[in-house]
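Welcome, and thanks for taking a look at this chain with us.

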Amino acid sequence: MTSQLPWPSWMLAPSAWPSTQRLLARCLDLASHHELPSTLMLVGEPGLGREAFAVELAAGLAVHGGPPAGCTCAACQRVRRGIHPDVEIIVPEQGKSDISILQAQQVAASVDQRPYEGRQRVVVFSSCQTPPLNTEAASALLKTLEEPPAHLVFLLLAANPERVLPTIQSRSVQIRIPPPDRAAAEALVAAACGTDPSRAAALLEACHGNAAIALAAGDPAVGAARRLATLLPAVLWGDGAALLQTAGLVGGTPGGLALAVVTLLGAARSLPDEQAERALAAAAALLASEHRCVALRLDHETAVLGALTPFATGAC
């Protein structure tokens, strides 16, 4: 089945998870009683259920206005293929990293548009974090998000609400998407990476059980995690060469910065107190550098050098 959704098919697999189905049934029940908030922020890591939940909730709202969840009628299937006229998914335009102010203005201008064939219109923002939803685009949406008409529901996706503008946060009700259990995470990672379950299990193990990092880093994380487990302790005890190797490795590995953080956190569990504190401080420095990367659009290699140089030089 050809899909026009901006997400790969494996991202829709979490719709079958029992935790997702329970939450979906609850939301659709609220909708049937006109009690579902009109602007929802779906909080969860990319690929770990938030996209699947958004699609299934959109199908229930647009087609039925409430239950049943998991319907396989032709209209719901068109939502899952991304071709239903009453469900719109907003992503950055091709070649751009941010949702533009023009896109936001177009959404705001269409707010009074009635559903073409369904019960409600649903607008999904692939991310409401800043970036990609910059300040100007967000400002163009504020009035619309605060008082949308009864026939319109907004679903705003976010991994970290702290990176969502306060004006957007205050106009939405947060729903945290339940994370997968270990078996579901292994199956999802295997599907996403096109690998077998045993390799997916090894990848999750390398990422200290963090499925979001496993999805971001992919198969290279297994080797990268082993190298980081050796390099990072050397950095903490003042090895400048290890620092340069670590920065290059993190910069060249998708999800490498997060992988370095969980590696430090894992190492801290087995270190004496003073050394564990040093590892935790380094992990905190890397997390802070990741925030700067997003805000200033820095590369991760530069961020790692800035964060860990004080540890390698003995300044910390």
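**The nonpolar cores**

Please keep in mind that this is a predicted model. Its largest nonpolar core has 84 residues. The residues with the most contacts inside that core are Leu42, Leu57, Leu155, Leu259, Leu286 and Leu308. To see one of them in its setting, centre the view on leucine 308: beyond its neighbours within four places in sequence, this residue is in contact with Leu232, Val235, Leu243, Thr246, Ala282 and Leu286.

**Helices 7 and 8**

Now turn to helix 7 (residues 182-193) and helix 8 (residues 197-206). Their axes come within 8 Å and cross at roughly 110°. Helix 7 is therefore roughly perpendicular to helix 8. On the helix 7 side, the contact is made by Arg182, Ala185, Glu186, Val189, Ala190 and Cys193. These meet Pro197, Ala200, Ala201, Leu203, Leu204 and Glu205 in helix 8. By type, the residues of this contact divide into 9 nonpolar, 3 charged and no polar.

Which residues of helix 8 are buried? They are Ala200, Leu203, Leu204 and Ala206. These residues cover an arc of only 160° around the axis, so they sit on the same side of helix 8. An α-helix has 3.6 residues a turn, so residues three or four places apart point the same way. The face of helix 8 turned away from the buried side carries the exposed residues Ser198 and Glu205. As for partners, the buried residues of helix 8 pack against helix 7, helix 9 (211-217), helix 10 (221-236) and helix 12 (256-268).

**Backbone features**

Most residues other than glycine have a negative phi, and most peptide bonds are trans. With that background, here are some places worth a visit.

Just after helix 8 comes histidine 208, with a positive phi of about 55°. This histidine is placed in the loop between helix 8 and helix 9. At 42% relative accessibility, histidine 208 counts as partly exposed. Histidine 34 also has a positive phi, of about 60°, although it is not a glycine. Histidine 34 lies in the loop between helix 1 and strand 1 (39-43). With a relative accessible area of 76%, histidine 34 is exposed.

Two cis peptide bonds can be inspected as well. One joins proline 67 and proline 68, where omega is about 10°. Proline 68 is found in the loop between helix 2 (50-64) and helix 3 (74-81). Another cis bond runs from threonine 130 to proline 131, with omega near -15°. The loop that holds proline 131 is the one between strand 3 (121-125) and helix 5 (135-146).

| Residue | State | Relative accessible area |
|---|---|---|
| Threonine 20 | buried | 2% |
| Arginine 50 | buried | 6% |
| Valine 262 | buried | 13% |

Threonine 20 is found in helix 1 (residues 18-32). Setting aside neighbours within four places in sequence, threonine 20 is in contact with Pro14, Ser15 and Phe53.

Arginine 50 belongs to helix 2. What does arginine 50 touch, not counting residues up to four places away in sequence? The list is Leu42, Gly44, Glu45, Ser126, Leu157, Ala158, Ala159 and Ile177. Leu42 is also one of the residues with the most contacts inside the largest nonpolar core. Arginine 50 and threonine 20 are 30 residues apart along the chain, and their C-alpha atoms are separated by 9.1 Å.

Valine 262 lies in helix 12. Leaving aside neighbours within four places in sequence, valine 262 is in contact with Cys207, His208, Asn210 and Ile213. Cysteine 207 and valine 262 are 55 residues apart in sequence, yet 7.1 Å apart in space, C-alpha to C-alpha. Through His208, this set of contacts leads back to the histidine with a positive phi of about 55°.

Key
Residues are numbered from 1 along each chain as its sequence is written. This is a predicted model: local features need pLDDT of at least 70, side-chain atom pairs count only at pLDDT 80 or more; totals for chains, interfaces and linings use all residues. Side-chain values use heavy atoms; hydrogens and water are left out. A nonpolar core is a set of buried Ala, Val, Leu, Ile, Met, Phe, Trp, Tyr and Cys residues joined through side-chain atoms within 4.5 Å. Buried means under 20% relative accessible area, exposed over 50%, partly exposed in between (1.4 Å probe, protein chains only). Contact means heavy atoms within 4.5 Å. Axes are lines fitted to C-alpha atoms, for helices over the stretch in contact, and angles run from 0 to 180 degrees between N-to-C directions. Helices (H or I, at least four residues) and strands (E, at least two) are DSSP runs, numbered from the N terminus. Angles under 35 degrees count as roughly parallel, over 145 as roughly antiparallel, 65 to 115 as roughly perpendicular and the rest as oblique. Ala, Val, Leu, Ile, Met, Phe, Trp, Tyr, Cys and Pro count as nonpolar, Asp, Glu, Lys and Arg as charged, and the others, Gly among them, as polar. The arc is that of the directions from the helix axis to the C-beta atoms.
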